[in-house]
Number of protein chains: 2
Amino acid sequence: MLIVDNIGELVTMEGPTGPRRGSLQGVVRVVKNAFLAAKDGKVIAAGPRDELPALLSGLERSREQDQEESHEESREKSQEESREEVTVLDVGGRAVVPGFVDAHTHLVFAGWRYQEYVMRCQGATYQEILRAGGGILETVRQTRRATEEALFHRALSFLDEMLSLGTTSVEAKSGYGLDAENELKQLRVLRRLKAEHCLDVVPTFLPAHAIPPEYWRDREGYIQEIIGSMLPLVRREGLARFLDVFCDEGAFTSKEARRILVRGKELGYEIKLHADELRNTQGAELGASLGAVSVDHLCMISQEGVRALRESDTVAVLLPATSCFMGKDYGKLGRKLVDAGVPVALGTDFNPGTSPTTSIPLCMTLACSMSGLTPAEALTAATWNAAWAIGLGGRVGGLLPGMQADALILDADSYNEIPYRFGANLVWKVLKKGKVVFQANKGRVVR
Amino acid sequence: MLIVDNIGELVTMEGPTGPRRGSLQGVVRVVKNAFLAAKDGKVIAAGPRDELPALLSGLERSREQDQEESHEESREKSQEESREEVTVLDVGGRAVVPGFVDAHTHLVFAGWRYQEYVMRCQGATYQEILRAGGGILETVRQTRRATEEALFHRALSFLDEMLSLGTTSVEAKSGYGLDAENELKQLRVLRRLKAEHCLDVVPTFLPAHAIPPEYWRDREGYIQEIIGSMLPLVRREGLARFLDVFCDEGAFTSKEARRILVRGKELGYEIKLHADELRNTQGAELGASLGAVSVDHLCMISQEGVRALRESDTVAVLLPATSCFMGKDYGKLGRKLVDAGVPVALGTDFNPGTSPTTSIPLCMTLACSMSGLTPAEALTAATWNAAWAIGLGGRVGGLLPGMQADALILDADSYNEIPYRFGANLVWKVLKKGKVVFQANKGRVVR
């Protein structure tokens, strides 16, 4: 058992325990002068410090009872276990919050695309970048060439970077393979990451991210390939929980997206949708009508889209780092959605083209400053709501008894400092399933 | 002597060697497969690696000559010195750029103001925040109460944070004292920081940051106090090189700013100006006409202001983190100024109200993505041009022979990655005056 003690401010979160039409929005619950107890990877208690003695003596009593009921031999063993068992971590009044959940990433890719960023800063249009060989297809080319081993090690280092910034669960998409072989390669990398890294990795299959060059003259052919071959194959291999489609101008139409998603649902995928990012193509409405777990981006969502989400079980995932990195200001989009009663989650959208950041704290600042959320709403969006957006609701994203003990101990007095300290990393230690898995070391300074 | 060898991409910079009417804009100069040699704190050579043997044998020859000309006894000593002297740091193909110069900070303050950020995210207006006791005056209250010792140690840790993000020179303002005693306290802290931290700290006196409460009914009284008493006092004590005034709506009028700055110039201060941030009050024109070294913010600059800067020796300092943190998008301001031929520098504006960030790389991303600079222009703005904006032009901000050997060794192939890797810290090692003063350690990860 681990007891995190002397917590100045503990955020436990609170919210609905299941989807009920637009009611997934969590809320921040704060306990001052608190403790958090974890056992076997889960939170067993969290509350004010003055309740800690009662918890400890209760545990002691139940242990004694166990021992009385057990034989002489096993009693000794049990005593030994109980002696080893309780570790107290005094955090000196620091703030503790649930580990961040990054609800939208494109984690597995080869190469960077900074030359494209340079071109865009010089005023190049999207079309000019495409003609110069840039865009998603540049990453597809590089990812196809890369070995599974190379992709795995690169993504592993990205997970380390995310962990150091407080992310303890992450959704990750394929979508840079765009053929069966290379999509499976990406998804196998995700399976291996899940097995070999402490972070929870939730895999999403995104074959409809772009039309691959070999199908440019046969768009319908690629959609048939997805529906007829790739969807059943990936399902058989059990490589992805979610199916996602990039439904937008220049990507897949609403009609194409619907065909792919409907077939996916039949095969047992839960669904997600890149919706209304560049143009309003009624993506939010489509996602809501199909019972998508989340619709993501939503920069161009209409009032009808907002209403559709409110009347659904679908979470809105906002990606404010992408907007900022692309030099766009979509006004107070987050505020609009929360005010309408839509549950809002956050993601980095980590990818080499439009959002090369792994930082959820940065996204929280942008969600507040640019998109109109409060720090409490941004934290909710990055924890409780994001967990629901990737199918981990009730398991992670909060620190209530029974939930996974994924927590951040911050070099800060209050969770409000996370978005406030723009660009800073306040993470001191990260707990994953009740164990310390990251310890900050700010580097060596010679003054 | 230190030789940084095996540099994949070395940025040396290049530009005018002194003010000549809008000509201070530097440019990025790149050498591939390069080395950098530093001695006695300065760059002695920088160029392609194939020139390194010639440099080394040249040094060897001149050393031998020295030895032949010297007596037996001192020859031994000299041989010993030369043996100790040459350290080679192989950086494995990494990119090396000049250390960042942060041209605008409010480094010395007590407390944070995250409650004010929460209020603002909840929709509170500036006036409501003021009525609730927020704004600059909240920091003034806390800074007046703080001891010099406490302010010093806090600012010291901020300098460590800046150094870890690649800043090697920083301008820092008073302005949270607003009376002789407490402004001097802040400036003494800056003097001590300069003495005890390796960073170059350039002190700016900012008595006209706000009207202090004790003068709310006697605005002219405070201006008289500044002109008649504080300006000469700080000058006598030699505590500040620059004088700055916050000239804007709700702060000081153009007329008041002019009176204070003119008197400051007479006393020997070089001048700066917070100009045209909230409203256009022709601050840029005022700064240019008075020969200010820089005018800062400029969100609301007019075409006349742009023209005035182009015809002056004044550098435009942009603070894009402030705009972003305050949720404002001022269009492609950086692009407009560079296209008009105005030299543009960057600063964090680090302060607890409107820009709680110490990160120049973050400012570079925002300068590119939101304000329209290219990565090369953003790097120039954060090095060469920023040095000129704080009176260190020609000494720091570049890696040409004779300049201070302040350099960043990056975990990156190209300087373009600095703004591209949004929110990441690519700094691997920092050299200040030819010595390694920071070494990154990303923290301990248990996978």
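Residues are numbered from 1 along each chain as its sequence is written, and chains are lettered from A and ligands numbered from 1 in the order in which they are written. Because the model is predicted, local features need pLDDT of at least 70 and side-chain atom pairs count only at pLDDT 80 or more, while totals for chains, interfaces and linings use all residues; side-chain values use heavy atoms, with hydrogens and water left out.

**Figure 1**
The model scores ipTM 0.95 and pTM 0.96. Chain A has a mean pLDDT of 94, and 96% of its residues reach 70 or more; pLDDT is the predictor's confidence in each residue, from 0 to 100. There are 17 helices and 17 strands in chain A, where helices (H or I, at least four residues) and strands (E, at least two) are DSSP runs numbered from the N terminus. The C-alpha atoms fill a box of roughly 75 × 55 × 45 Å along the principal axes. Buried residues make up 62% of the 447 residues, buried meaning under 20% relative accessible area, exposed over 50%, and partly exposed in between (1.4 Å probe, protein chains only). Of the contacts in chain A with a separation of 6 or more, 72% are between residues 24 or more positions apart; a contact means heavy atoms within 4.5 Å. Chain A exposes about 16500 Å², of which carbon and sulfur atoms supply 49%.

With a relative accessibility of 1%, Val4(A) counts as buried. Beyond residues up to four places away in sequence, Val4(A) touches Ala34(A), Phe35(A), Leu36(A), Leu89(A), Val91(A), Val96(A), Ile409(A) and Leu431(A). Ala38(A), 34 residues from Val4(A) along the chain, has its C-alpha atom 8.3 Å from that of Val4(A).

**Figure 1. The loop of chain A that holds Asp218(A).**
Asp218(A) is found between strand E8 (200–208) and helix H8 (219–237). Its relative accessible area of 38% makes Asp218(A) partly exposed. Asp218(A) and Val262(A) are 44 residues apart in sequence, and their C-alpha atoms are 21 Å apart.

**Figure 2. Glu237(B) in helix H8 of chain B.**
Helix H8 of chain B covers residues 219–237 and includes Glu237(B). Glu237(B) is partly exposed, at 42% relative accessible area. Apart from neighbours within four places in sequence, its contacts are Leu184(B) and Arg191(B). Leu184(B) is 53 residues from Glu237(B) along the chain, with 9.1 Å between their C-alpha atoms.

**Figure 3. Leu278(B) and Gln282(B) in the loop between E10 and H10 of chain B.**
The loop runs between strand E10 (270–275) and helix H10 (283–289), and Gln282(B) is found in it; Leu278(B) lies in the loop between E10 and H10 as well. Leu278(B) is partly exposed at 39% relative accessibility, whereas Gln282(B) is exposed at 51% relative accessible area. Neighbours within four places in sequence aside, Leu278(B) is in contact with Phe246(B), Asp248(B), Glu249(B) and Met300(B). Leu278(B) and Ile301(B), 23 residues apart in sequence, are 9.9 Å apart from C-alpha to C-alpha. The backbone of Gln282(B) has a phi near 55 degrees, a positive value in a residue other than glycine. Most residues other than glycine have a negative phi.

**Figure 4. Positive phi at His297(B) in strand E11.**
His297(B) is placed in strand E11, residues 294–297 of chain B. Its phi is near 90 degrees, a positive value in a residue other than glycine. His297(B) is buried, with a relative accessible area of 4%.

Technical notes:
Areas by Shrake-Rupley, 256 points an atom, 1.4 Å probe, with all protein chains shown as cover.
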